[in-house]
Amino acid sequence: MILKENQKYFIPIFIVISIIFILILISIDYSKSSFAFVTKINQSNKNISEFIKKGDYNREIIRDYHKAIEWYDKVLDIDQTNVDTLSKKALALSNLYNFTEAFELVNKALDLEPNSVIALSAKGFAIYMRGNISEAIKYYDKALTINANFIWTLDHKGYTLSDQGNYSEAIKYFDKALEINPNDADLLSDKGDALSRQGNYSEAIKYYDKALTVNPNEVVSLIDKGYILSDRGNYSEAIRYFDKALEINPNDAYALIYKGGLLLALGNYADAIKYYNKALKLSPDDYGVFNNIAYDLVRYSYNYSKALELVNKAL
């Protein structure tokens, strides 16, 4: 009877131990799966952050909008509803005059997040690039109502005001943004641009130099400083800045046309035309490119017929 009693209890104990052992194995496997899942999410987030950073660098600093779009697309392959990236890709597309896709993306971003400051700002920028400045400012103002310290919007409202010739008001927006981030190369460059348009060239150069101290590859500052130097007749120094800009981004249309203008001023018509043609091929929809080349042709070579042809294309 004793043996039977022991056997009676032995079977349930064995089953209990087996169940506990199985549960431990399941728990370990679940922990491994959970760890792998979390690791995968963290890696995706890290990739997204890196891709956005590279996209921003190409869009803001070296103005390679095609390359910026490639990086933003990598983010959208991972997360199609990333509002910031949809908006930033729309910004790059607007710079390429691809308004159909730009508006499609920014409207999608606003559907997902109606009060997104960057999406509102991106829509304002697309509208600005199409030439409707007053409507663009409405979107910038709406964005700034939500976040009065959003640097990108402060910067671009300032730039839009500068385009209207309201330089003193534009500089107020740049200064407010620079109070928040005094080492933003893009901001420093844009304030330099407003000062240059005012005719305050020496002060403008100071801001371009500040921008280049922060980031020596800030293409806009290199080009704009080169333009001032060229306009003052300092051609050898100016060409150094244009060449540096073209080393960073060989396809920057404005670096190409300004170098072309400088070569035309030096009497090198054949090489100037090569630079102009490349710029026109790269930016066939940018009326600013047409107007700048037309101006140079009249100013330096008195080629009025070609200049008129380009102006008519711009119109």
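Q: Which residues line the second largest pocket?
A: This is a predicted model, where local features need pLDDT of at least 70, side-chain atom pairs count only at pLDDT 80 or more, and totals for chains, interfaces and linings use all residues. Residues are numbered from 1 along each chain as its sequence is written, and side-chain values use heavy atoms, with hydrogens and water left out. A pocket here is an open set of points on a 1 Å grid over the protein atoms alone, with protein on both sides within 12 Å along at least five of seven lines, and a lining residue has an atom within 4 Å of a point. On that basis, the lining is Glu60, Ile61, Ile151, Trp152, Asp155, Asn181, Asn183, Asp184, Ala185, Asp186, Leu187 and Val214.

Q: How much space lies in the second largest pocket?
A: By class, its lining divides into six nonpolar, two polar and four charged residues; Ala, Val, Leu, Ile, Met, Phe, Trp, Tyr, Cys and Pro count as nonpolar, Asp, Glu, Lys and Arg as charged, and the others, Gly among them, as polar. Volume is the space filled by probe spheres set on the grid points, which are joined across faces, edges and corners. For this pocket that comes to about 210 Å³.

Q: Which residues lie nearest the centre of the largest pocket?
A: The largest pocket holds about 1,700 Å³ of space. Its lining has 22 nonpolar, eleven polar and 14 charged residues, and the largest share, six residues, comes from α11. Out of the 47 lining residues, the ones nearest the centre are Arg63, Asn95, Tyr159, Tyr254 and Asp286.

Q: What is the volume of the largest cavity?
A: A cavity is a set of grid points where a 1.4 Å probe fits but cannot get out. Searching the whole structure turns up one cavity of 30 Å³ or more. The volume of the largest cavity is about 120 Å³.

Q: Which element gives the most to the lining of the largest cavity?
A: The lining is made of Tyr227, Ser230, Asp231, Tyr258, Gly261, Leu262, Asn292, Tyr295, Asp296, Arg299 and Tyr300. Two or more of these residues come from each of α11 (219-231), α13 (253-265) and α15 (287-301). By class the lining splits into five nonpolar, three polar and three charged. The top contributor, with five residues, is α15.

Q: How do α11 and α13 run, roughly parallel or roughly antiparallel?
A: Their axes come within 10 Å and cross at roughly 15 degrees; axes are lines fitted to C-alpha atoms, for helices over the stretch in contact, and angles run from 0 to 180 degrees between N-to-C directions. Angles under 35 degrees count as roughly parallel and over 145 as roughly antiparallel. So α11 and α13 are roughly parallel.

Q: Which residues of α13 does α11 meet?
A: Contact means heavy atoms within 4.5 Å. From α11, the partners are Ile223, Tyr227 and Ser230. On the α13 side they meet Tyr254, Ala255, Tyr258 and Leu262.

Q: What is the handedness of the crossing of α8 and α9?
A: The axes of α8 (residues 167-180) and α9 come within 10 Å and cross at roughly 160 degrees. That makes the two helices roughly antiparallel. A crossing is left-handed if the near helix is turned anticlockwise from the far one by less than a right angle, and right-handed if clockwise. For α8 and α9, the crossing is left-handed.

Q: Which residues of α11 make the contact with α10?
A: Helix α10 (residues 201-214) packs against α11 at about 150 degrees, with the axes 9 Å apart, which means the pair is roughly antiparallel. On the α10 side, the contact uses Tyr201, Ala204, Ile205, Tyr208, Asp209, Ala211 and Leu212. From α11 come Ser221, Leu222, Asp224, Lys225 and Ile228.

Q: What is the phi of arginine 63 near?
A: Most residues other than glycine have a negative phi. Arginine 63, in the loop between α1 and α2 (65-78), has a positive one. Its phi is near 60 degrees.

Key
Helices (H or I, at least four residues) and strands (E, at least two) are DSSP runs, numbered from the N terminus. Angles under 35 degrees count as roughly parallel, over 145 as roughly antiparallel, 65 to 115 as roughly perpendicular and the rest as oblique.
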